[in-house]
Amino acid sequence: MEAISKERAASVTLIEAKLSEDEMAVYEAALSYALDSLDKGEIERRFGASVDEIEGMRDDLCDSG
């Protein structure tokens with residue numbers, strides 16, 4: 001993965017990145033594994049994000065491929 005640019009929008013840092021299809025597949029698989037293996041509380045504790053947020057991130061990866 002290569003970070004192309006970084007900018008701050010409100011309280012969020014946005015990063016534009018270039019990555020291979022294989023890298024995207026690994027990230028999607030890792031998020032799917034976490035969603036399938038961990039309960040809601042553990043996901044929120046480990047990732048600092050809700051199950052819905054993690055599902056949305058995973059779905060975005062699936063939709064971009």
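From the N terminus onward, the elements of the protein chain follow the order β-β-α-α-α, giving 3 helices and 2 strands in the chain. The model is predicted, and its pLDDT averages 93 over the protein chain, with 97% of the residues scoring at least 70. Among the elements, the highest mean pLDDT, 96, belongs to helix 2 (residues 40–47), whereas the lowest, 90, belongs to helix 3 (residues 51–64). The C-alpha trace spans about 35 × 30 × 15 Å along its principal axes, and of the contacts between residues at least 6 apart in sequence, 23% join residues at least 24 apart.

Of the 65 residues in the protein chain, 15% are buried. The largest nonpolar core consists of 5 residues, namely Leu31, Leu35, Ile43, Ala49 and Ile54. Within this set, Ala49 is in contact with Ile43 and Ile54, and also with Glu44, when its neighbours within four places in sequence are left aside.

The accessible surface of the protein chain amounts to about 5,000 Å², and carbon and sulfur atoms account for 49% of this area. A nonpolar patch on the surface is formed by Met1, Val26 and Tyr27, which together present about 310 Å² of accessible area. Met1 is located in the segment that precedes strand 1 (2–9), and this residue counts as exposed because its relative accessibility, 59%, is over the 50% cut-off.

Side chains of opposite charge can pair when their charged atoms come close, and the structure holds 3 salt bridges. In helix 2, the side chains of Glu42 and Arg45 meet in a salt bridge with an N to O distance of 2.8 Å; these residues are 3 apart in the helix and therefore separated by about one helical turn. Glu42 also forms a salt bridge with Arg46, at 2.6 Å from N to O, and here the spacing of 4 residues in helix 2 likewise corresponds to about one helical turn. Glu42, Arg45 and Arg46 are accordingly linked in a network of salt bridges. Both arginines are exposed, Arg45 with a relative accessible area of 61% and Arg46 with a relative accessible area of 54%.

A further salt bridge joins the side chains of Arg58 and Asp59, with an N to O distance of 3.0 Å. In this pair Arg58 is buried, since its relative accessible area of 18% is under the 20% cut-off, whereas Asp59 is partly exposed, with a relative accessible area of 34%.

Notes:
Residues are numbered from 1 along each chain as its sequence is written. This is a predicted model: local features need pLDDT of at least 70, side-chain atom pairs count only at pLDDT 80 or more; totals for chains, interfaces and linings use all residues. Side-chain values use heavy atoms; hydrogens and water are left out. A nonpolar core is a set of buried Ala, Val, Leu, Ile, Met, Phe, Trp, Tyr and Cys residues joined through side-chain atoms within 4.5 Å. Buried means under 20% relative accessible area, exposed over 50%, partly exposed in between (1.4 Å probe, protein chains only). Contact means heavy atoms within 4.5 Å. pLDDT is the predictor's confidence in each residue, from 0 to 100. Patches are made of residues with over 30% relative accessible area and no salt bridge: like charges are joined within 9 Å, nonpolar side chains (Val, Leu, Ile, Met, Phe, Trp, Tyr) within 5 Å. Accessible areas come from the Shrake-Rupley method with a 1.4 Å probe; for residues, only the protein chains shown count as cover. A salt bridge is a side-chain nitrogen of Lys or Arg within 4 Å of a carboxyl oxygen of Asp or Glu.
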